[in-house]
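User: I'm new to this one. Can you walk me through it?

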Amino acid sequence: MSQRTFSIIKPDAVRNGDTGAILAEIAKAGFKIVSIKKMSISRQQAEGFYHVHAARPFFGELCEFMSSGPIFPMVLEKENAIADLRKLMGATDPAKAEVGTIRQKFAASIGENAIHGSDGEDTAAFEIGYFFAGVELK
Ligand code: ATP
Ligand code: MG
């Protein structure tokens, strides 16, 4: 059954000019792009998005980074989308990411790691709603 997930091309990848190449990887892996837009978010909006990490020592750094430049939030669809996108992204730390994954190819560090992907059905639903209105999701 088809499933939706949420992803962000993060500011480091956008700055490096890797947006097109990352979208090509996503398309090659069989995902349909339901919706995508380019935007910048405030520090406060980044804090709301990553609220589950509020107690972590890297929270400030993470929210500073996510609000440091344009991003591409998007909604993706395919069978088993949530797990398959996580696999395609690779490990959080690019040094530990499998060869051929997006983070292995495009990310420089654990903090600046090119792409976000929802980690479960509940987080996908929250994250899609955080960035997209119903009329943007056909
Ligand atoms: P994401 O949620 O962005 O898809 P993830 O699920 O692989 O990444 P999380 O544990 O949810 O990893 O952490 C969220 C983000 O916080 C990471 O993608 C990374 O940008 C940042 N982060 C995680 N761990 C660290 C760390 N030890 N130092 C700095 N930043 C970190
Ligand atoms: Mg996560």
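This is a predicted model: local features need pLDDT of at least 70, side-chain atom pairs count only at pLDDT 80 or more; totals for chains, interfaces and linings use all residues.

**Ligand 1 and its pocket**

Analyst: Ligand 1 takes up the space of the largest pocket. On a 1 Å grid over the protein atoms alone, a pocket is an open set of points where a 1.4 Å probe fits, with protein on both sides within 12 Å along at least five of seven lines. A molecule sits in it if more than half of its atoms lie within 2 Å of its grid points.

User: What volume does the largest pocket have?

Analyst: About 650 Å³. A volume is the space filled by probe spheres set on the grid points, which are joined across faces, edges and corners.

User: And which residues lie nearest its centre?

Analyst: Tyr50, His53, Phe58, Leu62 and Thr92, out of 26 lining residues. Lining means an atom within 4 Å of a point.

User: Now the ligand. How many residues surround ligand 1?

Analyst: There are 15, and the closest are Lys10, His53, Arg86, Thr92 and Asn113. The cut-off is a heavy atom within 4 Å.

User: Which polar atoms lie by its oxygens?

Analyst: Arg86 has a polar side-chain atom 2.8 Å from a ligand 1 oxygen. For a side-chain N or O of Tyr50 the distance is 3.0 Å. A polar backbone atom of Gly117 is 3.1 Å from an oxygen of ligand 1. A polar contact is a pair of N or O atoms within 3.5 Å.

Conventions
Residues are numbered from 1 along each chain as its sequence is written. Chains are lettered from A and ligands numbered from 1 in the order in which they are written. Side-chain values use heavy atoms; hydrogens and water are left out. A polar contact is a pair of N or O atoms within 3.5 Å; within protein, one must be able to donate a hydrogen and the other to accept it, and residues adjacent in sequence count only if both atoms are side-chain atoms.
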